[in-house]
Amino acid sequence: SAPSAYELYQRSDRLWMETLDDAGVLPSRDDVIRAINRVATEMDRLPSAGDFTDQTGIRGAVYQHYFGNWITALDAAGVLPTRDELADHIRGLSDELQSTPNQSALLEKSKYSKSVYDHHFDSWKAAITAAGLLPSKAELGSQIRAVSEATASLPSKEAVVERGDY
């Protein structure tokens, strides 16, 4: 019997999503962008990849084909917050908490996921630096004391880096 379309695809060097795109069965890049904007507007927040798939039926492989990953898709759709907006958000949470938030405290209260911050900042230090919130010496001393208590010893630099928030 003749080989199926999928068997022929397996023999080629083409990626399956490219084959589907060429066949005209994928939503277009612009359709995906419009769908992201629609879902973000309807939810009145930044949708997760799961939210998007649940609401549109568009699987991750489709936006990955066009954009590489979900965060880049959000950026292409113009719904991802800017670096400055994230810095403002961090400052606002700092005011609410009345201290420089560590990464876990921020993520617990933030309306954005870690991947959104990671998209704009190389590290947590870079994020709080951009927000103008470097920790005080007192906060750093408190962090070192906490690591010392947790390890029940004089902490090494490595232990403070590994266990600390700054």
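Predicted model: local features only at pLDDT ≥ 70, side-chain atom pairs only at ≥ 80, totals over all residues.
Residues are numbered from 1 along each chain as its sequence is written, and side-chain values use heavy atoms, with hydrogens and water left out.

**View 1. The whole chain.** The secondary structure comes to twelve helices and zero strands (DSSP runs numbered from the N terminus, helices being H or I of at least four residues and strands E of at least two). Of the 166 residues, 33% count as buried (under 20% relative accessible area, with exposed over 50% and partly exposed in between, for a 1.4 Å probe and protein chains only).

**View 2. Helix 7 and its buried face.** Helix 7, residues 83–97, has 15 residues and reaches 21 Å from its first C-alpha to its last, close to the 21 Å expected at 1.5 Å a residue (1.5 Å times one less than the number of residues). Its buried residues are L86, A87, H89, I90, L93 and S94. Seen down the axis of helix 7, these residues fall within an arc of 160°, so they line one face of the helix (the arc is that of the directions from the helix axis to the C-beta atoms).

**View 3. Surroundings of helix 7.** The buried residues of helix 7 pack against helix 8 (103–109), helix 9 (114–120) and helix 10 (124–130), whereas the face turned away from the buried side carries the exposed residues D84, D95 and E96. Just after helix 7, Q98 takes a positive phi of about 60°.

Notes. Contact = heavy atoms within 4.5 Å.
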